[in-house]
Amino acid sequence: MYRRFVILILTLLPFLANGQQKINISGLVKDRSTGEPLIGANIVVSPTGRGTSSDVYGFYSLEVTDLNSIQLKASFVGYKPFLENIELNGDLRLDILLEPGVEIGGVEVTAGKPIEERMELGAVEIPVVQVKNMPMFGEPDVLKAMQLLPGVQGGSDGRSGLYVRGGSPDQNLFMLDGTPLYYVNHLGGFVSVFHPGILKNIKLYKGGFPARFGGRLSSIVDLRMKEGNKKEFHGSYGIGVVSGDLTLEGPIVKDKTSFIVSVRRVWTDLLMRPITKIAFRYGSMGYNFYDFYGKISHEANAANRFYFTLYGGDDRLGFFTHIREDKVRSKAKYIWGNVLSTLRWNRIYNPKLNSDITLFYTRYRYKNTRFYKTEDTKGRNLYSTGVHDLGLKADFNWHLAKNYLARFGAGLSHNWFIPGQINYESKTGESATDTVIGGQNRTRALNQFVYIENEYSPFTWLSFNFGARLVDFRVGGKDYFSAEPRFLSNFKLDNIGAVKLGYTRMMQPVHMLTYSGSTFPTDIWLPATPGIPPGVSTQYSIGYSRTLKKGGYELSIEAYTKKMRQLIEIKGGVPLVNTRSWEQNVEKNGVGRSKGIEFFLQKKQGRTTGWVSYTLSKSTRQFKNINNGEAYPFKYDRRHDFSIVINHKLSEKVDFSATWVYGSGYPTTLHNGIYLATEPGSWDIESPNAGFFRVAGEAYLYPGKNWLRMRDYHRLDLGVNFKKERKGRNGKKQERTWTIGVYNAYNRQNAVFYYFDYKGQDPNQPIVLYQQSGFPVIPSIKYSVKF
């Protein structure tokens, strides 16, 4: 009884201070030079020492009790600190304008909320400027930067895959301005769709998920686009070896309405088409991809802001054949990509309450079209798969007391799934055929959720974020309901750091089938069905964090254990195109387990910045009909993973970057023995002593799935930026940059897969084991201009 009374008092404590004089200070934190709201700025009140951070829209709110005057401090990474003495006469709206980074003795002043005070566990924020300065593999890449963080694997050499704490790529939720994207890679996974030039904030959640996030088992990647300069027109362009980009931003109505647009395109098709026409007598091929980003931001008044975001991107691969003498013509086109559109209304009702209401649409599609024509026949085959989401959601932040913030919201989305449909048309003379296969597999679903978070600090040394997310996914007449409790606590240990504990439960109502043996990306998104339930995960985590050297360094150590249930896996030997329902093509009710320890030390100030990360982990999978029902190592299980990232400013005009990665070899499956298989023969009465069995051929012995480890992986990447400012024709300053990068600088031959073959491909020689290596040393160069 006593314990229940104490819990009740702690819960009601924020509301028992009615006798005190309360004054609320709120507003937006912005970049003075551009008007861009700043996410995560630290605001502190003296003499109380209490503070808060600006949210994803730059809004902050503080409550001051029994004080007539205060000193307000605000700081943000790369900006000059803000300091103002304020006399308090009542509630105050104060918009804080921060000036970009100031130089003192050659060291850039940086500041932010100390890691001990952040109500986060398993969350990492990557500065966009650091992504831009990292060594390139053709293009600066957001996902490749994330692969260098603890607990994150990249998959195959050079690719932009994301395998977080033993999860698979479909278990990551990528959100651009709060709207999900299904497909996030180009070029078969070597480049991500996220162009760093249009982003202002990148944040990865690996654990300790707040209740406002859900729908995936392993991670949330929250990316926020710039709003565009509200003061003056600016732009940039870049030209690389195989691609180029252009970004423009500026005011439509000064200080009220702004825009930003960006386009990126790879032009390998301009090189491939003429080269392949010369190399192949009757055919040619080409490949390209593009990304288009657009955003309009309108500040109607101090309380209402509106945003419209648009993204579109496609990969296009084509093969063309034309044999004039035989009157034969054919072409094959592969198109895959996303469209995303978001309309948001952000409203500040009063100093304590603000909301964000979002209407969104997102679509992913994959199409494979083949057309052929001869003298008397023509035909067309189309294979298509895709998913469409149309939804509405509302999020509210309510600052109920100086030590209590409530977040709550709800949403729903209508989902359309096309698991795989084949359209076949053919015409020969007067005979015509028109067939559709798989149309009956189209599925609709309704996804609904409601959540609440309670961020409460009863004492300066203790804070909690406890809440829940309730989800209902309706498909095929069946409802899948999930109650997902979320808990995160932060215990500050005076001046020696903080200990954090977290628990999350997540449900994922969609699955992805990936045909990795296919030549081109074939990701098929599918909903849970009455026969195949959604995936479910639970994760426990504990961490220690500490700020060192007056904020110059941040240290975090985390341990976690995660269990995933109701997973699926494609059955062996199932082709991409078949007439069966997709439920018959998969193994279901799989179990995944992952556990590990992560170490992360980050340097955030000075001419030299970067981090060191190390992960010790183990991840397994288990299915009834795979590996005799026994658990086996996950495809991208890596016992040891180590990364070093360095960015060093040599001078005002030159900066240098380097990354070095090391990892244990990934598991693989090979046979380790061969025996002669037999089969029953036929008994011959004239040869009664002849053997009844006969040799049927060779068979292979496999100790188990993923029983063998490939060679350890390591690689060094280098990059240098040469910058120069000069005046353009209009008299304004321009910054011109030459970026030179080297991927795999010492040409390490890292294994992608192993295979057996005759030595020297001579059938008379013994069979030996060969390694297919990844990318060799690859230089790259890019020229860019900011104006």
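Modeller: The second largest cavity has a volume of about 100 Å³. By cavity I mean a set of points on a 1 Å grid over the protein atoms alone, where a 1.4 Å probe fits but cannot get out; lining residues have an atom within 4 Å of a point. Grid points are joined across faces, edges and corners, and the volume is the space filled by probe spheres set on the points. Lining this cavity are 16 residues, and closest to its centre sit Gln153, Arg165, Gly166, Ser617 and Tyr636. By class, the lining splits into 5 nonpolar, 7 polar and 4 charged residues, with Ala, Val, Leu, Ile, Met, Phe, Trp, Tyr, Cys and Pro taken as nonpolar, Asp, Glu, Lys and Arg as charged, and the others, Gly among them, as polar.

Strand 39 has the largest share, 4 residues. Strands here are DSSP runs of E, at least two residues long, numbered from the N terminus. Stepping back, the structure holds 3 cavities of 30 Å³ or more.

A word on the bookkeeping: this is a predicted model, so local features need pLDDT of at least 70 and side-chain atom pairs count only at pLDDT 80 or more, while totals for chains, interfaces and linings use all residues. Residues are numbered from 1 along each chain as its sequence is written, and side-chain values use heavy atoms, with hydrogens and water left out.

Note on methods. 1 Å grid on protein atoms, 1.4 Å probe; cavity = no way out; pocket = protein on both sides within 12 Å on 5 of 7 lines; lining within 4 Å.
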